[in-house]
Amino acid sequence: MQDNGNGDGPGGESALAASGVDQPAFLALERELTVLLRRARANQGEMAREVHPDLESSAYGLLVRLDECGGQRATELAAYIGVGKATMSRQLRALEELGLVAREPDPADGRAWLVALTQVGHDRVRRVREARRARYAGRLADWDTHEVTELARLLHQLNRGMEK
């Protein structure tokens, strides 16, 4: 069956209706995620500047990953963040120049290097993350602890589903 331009063929409105994406639940999900992601992008820029005034907002997630997981190879970081090797090299060079990360030999493979936070980088990232959690706690003070736990669980489930 061909799409006749009236939404009755494959990919048209009828196909969307059959898939369930026009259900109120998915419409509400799209709307709320759009707001959340817009705010998250803005907050990421603020947090990056709190770590260092010259830090690009896109590099903040990289610093958090290093804070949580310790030293990583540049290729692992590039895959996790979803950027190419050239972009990752440029970001790491900038972070090294700011004194936030350093490269060290990989003990498992002497030919490879690990990127890790410097003490300065660790201290700054930890301070910003603690301040962010304090803001969350303040904004969600009227929520029950179980609701916060459930929100975290559902967001984790959503993030895992998005990896597929």
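1. The lining of the largest pocket divides by class into 21 nonpolar, 7 polar and 12 charged residues, where Ala, Val, Leu, Ile, Met, Phe, Trp, Tyr, Cys and Pro count as nonpolar, Asp, Glu, Lys and Arg as charged, and the others, Gly among them, as polar. A pocket here is an open set of points on a 1 Å grid over the protein atoms alone, where a 1.4 Å probe fits, with protein on both sides within 12 Å along at least five of seven lines, and lining residues have an atom within 4 Å of a point.

2. This is a predicted model, in which local features need pLDDT of at least 70 and side-chain atom pairs count only at pLDDT 80 or more, whereas totals for chains, interfaces and linings use all residues. Residues are numbered from 1 along each chain as its sequence is written, and side-chain values use heavy atoms, with hydrogens and water left out.

3. Of the 40 residues that line the largest pocket, Leu36, Ala40, Tyr136, Leu155 and Asn159 lie nearest its centre.

4. Ile81, placed in helix α4 (residues 74-81), counts as partly exposed because its relative accessibility is 30%, between the limits of under 20% for buried and over 50% for exposed (1.4 Å probe, protein chains only). The C-alpha atoms of Ile81 and Gly61 are 7.8 Å apart, although 20 residues separate the two in sequence.

5. Strands β1 (residues 101-106) and β2 (residues 109-117) pair in the antiparallel sense over 6 bridges, pairing being assigned if DSSP finds at least two bridges between two strands. The two strands form a hairpin with 2 residues between them, and Val101 stands opposite Leu117 in β2.

Technical notes: Helix = DSSP H or I, 4+ residues; strand = E, 2+ residues; numbered from the N terminus.
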